[in-house]
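Please go through the model below with this report alongside. It moves from single residues to the whole chain.

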Amino acid sequence: MDWIIGAVCASMVAGAAYAKKSLTLSGCLAAIMMGTIYYGAGNLFWFGTLLLFFITSTLLSRFRKDRKQELEKSYAKSGNRDAGQVMANGGMGMFLCLGYWIFPHPAWVYAFIGVMATVTSDTWATEIGSLSRKPPRSVLTWKVLTPGASGGVSLLGTVAAAVGGALIGAGAFLFSWIAGIEGLGLFSWTFVGLAGGLAGAFADSYLGATVQMMYRCTVCGREVEVHEHCGHPTVRARGWAWMSNDLVNVLSSVIGGCVAIGLGNILAL
């Protein structure tokens, strides 16, 4: 019955997102599969946390969208998420959910919150940080960068990342209480989400500034993540050819999850 409930709920949410053009068709199908597993193999704790990330991130992607349109042309992924981005953001959490289903252990839970806090923090930092009136600075050199440049950080974006991660942690406490999962208290869960989210978000910025594959627009000269900009093909600027934006998201999520496992085990003592 849980699998049926998960499939129905996931279909409703993903279908609504597809209708609002927040998901492509492939993204919609991936989200349905993912949501079904989150609830079927898990419970409200896993499914609710996924929804908390997805709903808040979708709403933020639409917040002052007119001011973000130009910057979104530089990103490999925009607010209209496809299957690749859906899996990059929630796929690891899905495997952690399956791991807990097969072999229950608190480490799966801590890692899951760290992963979801990372993708939430990273998304919030991008969506809100792009509205900053001050230009971002390089996470490596602290030099001023062009808005939207990979590896850039700002005070507004960092605060947004912290709030997003803390929200996932607080949500973890609420959903674990509803689902009857024994674990950390509100403060501890919030701290795990905050620390894991920030660690993952800064790891994402570091990888974006060092090894992510980036291109340069031959018209405006901007460094972008896409193969075409200003109506013309872009040329390779730097980074490893196989290090895509989605892979950067996955690696940063691993870091956020590891930080959460460590903190969770310490706070549980």
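## Leu 52 and its contacts

Not counting residues up to four places away in sequence, Leu 52 touches Leu 167, Ile 168, Gly 171 and Phe 175. Contact here means heavy atoms within 4.5 Å. Leu 52 itself lies in helix H3, residues 44-62. Helices are DSSP runs of H or I with at least four residues, strands are runs of E with at least two, and both are numbered from the N terminus. Leu 52 and Leu 269 are 217 residues apart along the chain, and their C-alpha atoms are separated by 28 Å.

This is a predicted model: local features need pLDDT of at least 70, side-chain atom pairs count only at pLDDT 80 or more, and totals for chains, interfaces and linings use all residues. Residues are numbered from 1 along each chain as its sequence is written, and side-chain values use heavy atoms, with hydrogens and water left out.

Leu 198 lies in helix H8. Leaving aside neighbours within four places in sequence, Leu 198 is in contact with Ser 121, Thr 158, Ala 161 and Ala 162. Leu 198 counts as partly exposed, because its relative accessibility is 22%. The cut-offs are under 20% relative accessible area for buried, over 50% for exposed, and partly exposed in between, with a 1.4 Å probe and protein chains only.

Leu 174 lies in helix H7, residues 155-179. At 42% relative accessibility, Leu 174 also counts as partly exposed. Leu 247 is 73 residues from Leu 174 along the chain, and their C-alpha atoms are separated by 31 Å.

Is Gln 212 buried or exposed? Gln 212 is buried, because its relative accessible area is 2%. Gln 212 lies in the loop between helix H8 (186-210) and strand E3 (214-216). Leaving aside neighbours within four places in sequence, its contacts include Ser 150, Leu 207, Glu 225, Arg 238, Trp 240 and Asn 245. Gly 185 is 27 residues from Gln 212 in sequence, yet the two are 37 Å apart in space, C-alpha to C-alpha.

## The three-stranded sheet

An open sheet of 3 strands runs in the order E4-E3-E7, with antiparallel pairing. Its edge strands are E4 (223-224) and E7 (235-238), each pairing on one side only. Two strands pair if DSSP finds at least two bridges between them. E3 and E7 run antiparallel and are joined by 3 bridges. Arg 216 stands opposite Val 235 in E7. Strands of a sheet pair through backbone hydrogen bonds, either parallel or antiparallel.

Most residues other than glycine have a negative phi. Lys 21 has a positive phi of about 65° although it is not a glycine. Trp 142 is likewise not a glycine, and its phi is positive at about 70°. Lys 21 is in the loop between helix H1 (2-19) and helix H2 (25-42). Trp 142 is in the loop between strand E1 (137-138) and strand E2 (152-153).

The table gives accessibility for these residues and others above.

| Residue | Relative accessible area | Class |
|---|---|---|
| Lys 21 | 65% | exposed |
| Trp 142 | 51% | exposed |
| Leu 174 | 42% | partly exposed |
| Leu 198 | 22% | partly exposed |
| Gln 212 | 2% | buried |

## The whole chain

The protein has 9 helices and 7 strands. Its C-alpha trace spans about 55 × 40 × 35 Å along the principal axes. The radius of gyration is 18 Å, which agrees with the value near 18 Å for a compact globule of 269 residues. That radius is taken over C-alpha atoms, and the globule rule is 2.2 Å times the number of residues to the power 0.38.

Of the 269 residues, 50% count as buried. Among contacts between residues at least 6 apart in sequence, 71% join residues at least 24 apart.

The protein exposes about 12,600 Å², and carbon and sulfur atoms supply 68% of that area. Areas come from the Shrake-Rupley method with a 1.4 Å probe.
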